[in-house]
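The points below are grouped by topic and may be read alongside the display.

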Amino acid sequence: MRTGTTPRRVIEAGSRLDARRSSRLRDEADAIFAADENPIVDVRSVEHIDMAGLSALAWILVRCRRRDEAAYLLGPLPDPVARFLDLTMFDRFFQIRLVP
């Protein structure tokens, strides 16, 4: 898997990564993929994530993998996100980029 070969653009996940936000997240990611770039999802402000949010992250992961690229989350991960990704084992599939 390649890392860092395609330009990346940050998507803000917001405070809730739920059904309402996940639809917009996919739309934003789709526009980034259409521009031949890859998204980095900024989850630093997320206070709540549900299965719809996880589904959106999975969709981004699959799209990145199809392009032979790594999928990135911008952290540090808030506790709700870290716990949810750990429980679902999704933390093993995303590269975490830490920023101060």
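Asp 36 is placed in the loop between H1 and S3, and its phi is near 60 degrees, a positive value in a residue other than glycine. These values, like the others in this briefing, come from a predicted model.

**Overall architecture**

- The protein contains 3 helices and 6 strands.
- Read from the N terminus on, the order of the elements is β-β-α-β-β-α-β-α-β.
- The radius of gyration is 12 Å, close to the 13 Å that the globule rule gives for 100 residues, so the protein is as compact as a globular protein of that length.
- Along the principal axes, the C-alpha atoms fill a box of roughly 30 × 25 × 25 Å.
- Of the contacts with a separation of 6 or more, 76% are made by residues 24 or more positions apart.

**Burial, surface and charge**

- Of the 100 residues in the protein, 41% are buried.
- The protein exposes about 5600 Å², and carbon and sulfur atoms supply 50% of this area.
- There are 16 positive and 15 negative side chains, and the centres of the two sets lie 2 Å apart.

**The nonpolar core**

- The largest nonpolar core has 24 residues, and those with the most contacts inside it are Leu 25, Val 41 and Leu 57.
- The elements that give two or more residues to this core are H1, helix H2 (51–66), S5 and H3.
- H2 gives the most to this core, with 6 residues.
- Beyond its neighbours within four places in sequence, Val 41 is in contact with Ile 11, Ala 13, Leu 25, Leu 57, Ile 60, Tyr 72, Leu 73 and Leu 74.

- Asp 42 belongs to strand S3, which covers residues 38–42.
- Asp 42 counts as buried because its relative accessibility is 3%, and buried means under 20%.
- When residues up to four places away in sequence are not counted, Asp 42 touches Val 10, Ile 11, Glu 12, Ala 13 and Leu 74.

- Arg 20 is part of helix H1, which covers residues 19–34.
- The relative accessible area of Arg 20 is 66%, so this residue is exposed.
- Arg 20 and Leu 54 are 34 residues apart in sequence, and their C-alpha atoms lie 13 Å apart in space.

- The peptide bond from Gly 75 to Pro 76 is cis, with omega near 20 degrees.
- Pro 76 is found in the loop between strand S5 (71–75) and helix H3 (79–88).
- Met 89 lies in the loop between H3 and strand S6 (94–98).
- Although Met 89 is not a glycine, its phi is positive, at about 65 degrees.
- Met 89 has a relative accessible area of 42% and is therefore partly exposed, as this class lies between the 20% limit for buried and the 50% limit for exposed.

Note on methods
Residues numbered from 1 in each chain as written. Predicted model: local features only at pLDDT ≥ 70, side-chain atom pairs only at ≥ 80, totals over all residues. Heavy atoms only, no water. Helix = DSSP H or I, 4+ residues; strand = E, 2+ residues; numbered from the N terminus. Rg over C-alpha atoms; globule rule 2.2 N^0.38 Å. Buried < 20%, exposed > 50% of the residue type's maximum accessible area, 1.4 Å probe, protein only. Contact = heavy atoms within 4.5 Å. Areas by Shrake-Rupley, 256 points an atom, 1.4 Å probe, with all protein chains shown as cover. Lys, Arg positive; Asp, Glu negative; His and termini not counted. Charge placed at Lys NZ, Arg CZ, Asp CG, Glu CD. Core = buried A, V, L, I, M, F, W, Y, C linked by side-chain atoms within 4.5 Å.
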